[in-house]
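I opened a new notebook page for this structure.

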Amino acid sequence: MNQDVKSRLRRTMMFVPGNSPKMINNADLYGADTIMFDVEDSIAVSQKDAARIMVKYALKAIPFSCETAVRVNHVTQTPFGIDDLKAILPSKPDLIRLPKTESVDEVRLVTKMIKEVEQREGFPEGSINIICAIESVRGLYEVRAIAKEPRVIAIALGGEDFIADLRTQRTQRGIEFYHARSEILMAARDAGIQAMDTVYADVANLEGFRQEVTDIKDMGFDGKSVVHPTQIGIVHEIYTPTEKQIAHAVKVLACYKDAVENNKGVITVDGKMIDGPIVVRAERIVAQAKAAGILTEEGCKDEK
Amino acid sequence: MKNKAGRELPDHIYGLKAYRPYEGLFVNPPEPVPMAGRTLRIGRPSSNKVLPSLIEAVEATGLRDGMTISFHHHFRNGDYVNKLVMTAIASKGIKDITIATSSLNDCHDFLIDYIEDGTVTALETSGLRGKLGAYLTKNPGKLKRPVIVRSHGGRARAIEAGEVKIDVAFMGVPTCDRFGNATGRMGKSACGSLGYAMLDSRFAEQVVLVTDNLIDGYVFPYSIPQTDVNYIVAVEAIGDPEGIASGILKITKNPIQLLLAEAAAKVIEHSGYFKNGYSIQMGGGGSALAVGRFIREKMLKQQIKGSFGVGGVTGLFAQMLEEGLFEICYDTQTFDTTAIQSLRENPRHVEISSSFYANPWSPGPIINDLDVVILGATEVDLDFNVNVITNSNGLLMGASGGHSDIAAASKLAIIVMPLIRGRLPMVRDRVQNIVTPGESIDVVVTDRGIAVNPRRQDLIDNLRKSGLKIMTIEELQEVAHKLIGKPQEIALSKEDKDIVAIVEYRDGTLLDIIRKPL
């Protein structure tokens, strides 16, 4: 699998109802890293076919400037999912989001369909990948295996359905998601893929949103699903490294590059040893900084 | 004959004097003649200006067929005065009246009936909207001559130059004393600044004040002095407070408007003009308020203090004045109750006439010192010409306002608009009608990209560092065409009798003709 797809910046995934032409037209204007066209839970049963067709044509006609994803209906638990995939896959979305994933069988079924379409349409292999949403306890118990499926590039938490399964409700401090978030994050990291947090539906409560985003970022999540453009800026702000972090990361990468080119032995920056994981972290910080439009220049000041 | 904006002009337009064609932004100076003025009159001691009814006021002025009257539009869509006065005039069977108002709103649709029956035969205004706008677009010839559309500065010029002779100015004033000193700062129908009225009161032959708050004491400070006033009439209500100035105007929550506003604020930030002592005009629409909010945040963050703001003043600007972000606020029209309170209480919030604001034929209207302005548009074209008066169907639905004035005078004029409205691109090859010539427009900010006038290489260079998507206006149009295709041009009548209105540029030259769509 293409490493670029796996490590692509996905700070924000914005939900866009698949049956709203106005919202589809404007979807990529707000700066979300990924736009997620929904034909599942935000679409009434009577509108499922309309949404499916609209998303199919939108993906073909509009050159969206960011990554595109489509949340299809469940492939075995609803009568709509297979038809969604048949209609939409040939339009080459970057990602398919599978809701309420509970077994590797579902993922394998979808993977098979993707491979067939890629071959038939002449798309490069690995053009279309999968993000699996865990929205039930059963899904959570299968998440380690699901995360390791070859086409799966991220695991997401689907919070609303999950707490229904737990028979509890949302709180500001988020204790109801504590275990699910941790498990999903562990499974994602074990498989070497990304973890996305659930939506925050109370769009008016920007302070509460800010707190939640800060918490999940500190936990280690790569990004968050959003439902309104006003949420995007906040997530990106929180995921933007500080000037100090950026300066340090740039320095680390410069020193690393210098060490590799000049065959130096042990590398230190600011008195600390630099090894693999620190370099990867520095690369991620620089990517986030670039995405936030912050540019810096600094050279390697540490020498051995 | 083509004018410098590329518009074809007929040699003669029915009912109108001969116009010089538009030749450029600051090309047409006045003839060296004295300013116009009203006839001298004597005022005897102990005379009572207060009359019991509007009908008696109309009689007292001697208003006759063929005369010109004026109104102001400080009550926006909550205005009752226009209708009260027209009812009184019509009831006396007076006909062939010219209404030279500062602007018209949807609440003035009733004028259609007075045009139909010949009471009103000519209009001069900044704006035409709603049913009246549609009616006039479809029925040229109902008036004895085309509507003259002027900007606020242009109207001030025309009045001071004597081109518009107002016989009677009927002015709604929120508070008035028995001598005729009036203000808009208090009263149940308070509207804040009386900037447009302040001009008419000095030049009209006669002035009738219409108020719903006639007080026994003395009005001070006054915006209209008693020395300008002939008669006063007290009525039940001069307007609907909700329509005049309801609460605090809310900043838009519309994501596209916010996107536009944020981009516009960024353009200002990186333009090279955003520094201590800069001046700005922001306007009152939902998007303009959002720009104000982002600008305020940037000013606070970067510790920038401006010199003055002018407008169209909203509560947001009043707040920025209070916070010391600006030294002074020049107010020609007040939009909400917070701003009205500021005008009352903050000495650095100053009321100015529309002449002080934007008259090009004066030694220095305040806008001549403006750095940055934010403006809207119905359409823009490849030459950066701007339309604000008609839509893409050719219907009259907007207002010239101060648009062309402030674009010409300011150092940085920014248009903010969505690239696509409905299924139509807003960047045309040629706009339906020009209100503001492209040589006065510097930047066009849309939700899908930003275009800078090629005349402004300095701005192009400055904005490159901003991270904003800067492109040519042709490229911007291409973005729209790729998404929705190129629309057909609408067909307009070529007959001169089908001329609906003329767009008179602020210096009195002829900028454009508004023709009837077929």
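I began with helix α6 of chain B. Its buried residues are B:G195, B:Y196, B:A197, B:M198, B:L199, B:D200, B:S201 and B:F203. Buried means under 20% relative accessible area, exposed over 50%, and partly exposed in between, with a 1.4 Å probe and protein chains only. Helices (H or I, at least four residues) and strands (E, at least two) are DSSP runs, numbered from the N terminus.

I noted the ground rules next. This is a predicted model, where local features need pLDDT of at least 70, side-chain atom pairs count only at pLDDT 80 or more, and totals for chains, interfaces and linings use all residues. Residues are numbered from 1 along each chain as its sequence is written, chains are lettered from A and ligands numbered from 1 in the order in which they are written, and side-chain values use heavy atoms, without hydrogens and water.

Then I looked up the cores. A nonpolar core is a set of buried Ala, Val, Leu, Ile, Met, Phe, Trp, Tyr and Cys residues joined through side-chain atoms within 4.5 Å. The largest has 114 residues, and B:I69, B:M86, B:I89 and B:L136 have the most contacts inside it. Another core, of 110 residues, lies apart from it; A:I43, A:F162, B:A264 and B:L468 are among its members.

I followed B:L136 further. Which residues does B:L136 contact, leaving aside its neighbours within four places in sequence? I listed B:I115, B:L123, B:L128, B:L143, B:V147, B:L396 and B:V500. Contact means heavy atoms within 4.5 Å.

Chain A came next. I found 13 helices and 10 strands in chain A. Its C-alpha atoms fill a box of roughly 65 × 45 × 40 Å along the principal axes. Of its 304 residues, 51% count as buried. Among chain A contacts between residues at least 6 apart in sequence, 70% join residues at least 24 apart.

The C-alpha trace of chain B spans about 70 × 55 × 45 Å along its principal axes. Buried residues make up 61% of its 518 residues. For chain B contacts with a separation of 6 or more, residues 24 or more positions apart account for 74%.
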